Amino acid sequence: MAYDEECIKRNPFTFKFTDAIPNDSKKRIVLTPEQEATWMQFIKNDSTYKKYYDEFVVLLGTGLRVSEFCGLTKKDLDFKKRKIRVDHQLVRERGGKYYVEKTKTECGCRFIPMTDEVYNSLKKLLENRRNVKKEMIVDGYSNFILIDKKEQPKVALHIENEMRWAMKKYKKLNPDRPLPHITPHVMRHTFCTKLANSGMDVKSLQYVMGHSDVGVTLNVYTHASYDRAEEQMTELIEFKTEIAKDITVKWG
């Protein structure tokens, strides 16, 4: 405005913003179907880490934030209607204090459908859950699904460590079949991208992911690839060809 009103002779903001502030953001990782299958097969068959298999199935099949997953209680699971209620997350401070807080955004309060795989894994998690002498109550919540060796609710760090140590073993045993570094958030990205690629409309995807802004769903959590672009172009061309044939047959 000062430049337009001739209060100053030169506009000091004629440079590109990206030239002044470098983009140091890390590329978000999404597992390919082959990488996902390789990883899950390794976890399922490994003598040490197979006990975490059902946890990983739930993360890959729901797109839950890891703290939302840790906050799930028995009351949040509706096996009859096959849906998961998400309206809070469990957090633990460095000092060891547990507390429950609202979801990351207001739109984070949602219901997530259970696929057959998620349904079965949640059932197994409850069946294999430790018998706790005294259930911990955190801000009015109790009967958390995930319990650690100390009979306390698991938090994000537990699952992050499970994946980190499993990744370390996988790399040692499979140096010729590298995988990207897998974290709970990578599973969330993968879940979202799979739904987007399967054709789910963006508003439904935004709801399932619990995003407050649809722009986050579109620009951050979905990843384009040549293979997917080629697949969709082929489908469009085949569809148009079929339409043209139908018109020719009908109208000569």
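Here are a few questions and answers about this predicted model.

Me: Which strands stand at the edges of the open sheet?
Reply: The sheet has three strands in the order S1-S2-S5, with antiparallel pairing. An edge strand has a single partner, so one side of it is left without a neighbour in the sheet.

Me: Okay, and which residue in S2 stands opposite Leu77?
Reply: Start with the pairing: S1 and S2 (residues 83-86) run antiparallel and are joined by two bridges. Looking across from Leu77 into S2, you land on Ile84.

Me: Which helix gives the most to the lining of the largest pocket?
Reply: This pocket holds about 690 Å³ of space. Among its 26 lining residues, Tyr52, Glu55, Ile147, Lys154 and Glu162 are the closest to the centre. Helices H3 (53-62), H5 (116-127) and H6 (156-173) each supply at least two lining residues. The top giver, with five residues, is H6.

Me: How many charged residues does that lining have?
Reply: Sort the lining of the largest pocket by class. Nine residues are nonpolar and four are polar, while the charged ones number 13.

Me: Within what arc do the buried residues of H6 fall?
Reply: Buried here means under 20% relative accessible area, and the buried residues of H6 include Ala156, Ile159, Glu162, Met163 and Tyr170. On the other side of H6, Lys168 and Lys172 are exposed. Seen down the helix axis, the buried residues of H6 line one face, because they fall within an arc of 165°.

How values were computed
Residues are numbered from 1 along each chain as its sequence is written. This is a predicted model: local features need pLDDT of at least 70, side-chain atom pairs count only at pLDDT 80 or more; totals for chains, interfaces and linings use all residues. Side-chain values use heavy atoms; hydrogens and water are left out. Two strands pair if DSSP finds at least two bridges between them. Helices (H or I, at least four residues) and strands (E, at least two) are DSSP runs, numbered from the N terminus. On a 1 Å grid over the protein atoms alone, a cavity is a set of points where a 1.4 Å probe fits but cannot get out, and a pocket is an open set with protein on both sides within 12 Å along at least five of seven lines; lining residues have an atom within 4 Å of a point. Grid points are joined across faces, edges and corners, and a volume is the space filled by probe spheres set on the points. Ala, Val, Leu, Ile, Met, Phe, Trp, Tyr, Cys and Pro count as nonpolar, Asp, Glu, Lys and Arg as charged, and the others, Gly among them, as polar. Buried means under 20% relative accessible area, exposed over 50%, partly exposed in between (1.4 Å probe, protein chains only). The arc is that of the directions from the helix axis to the C-beta atoms.
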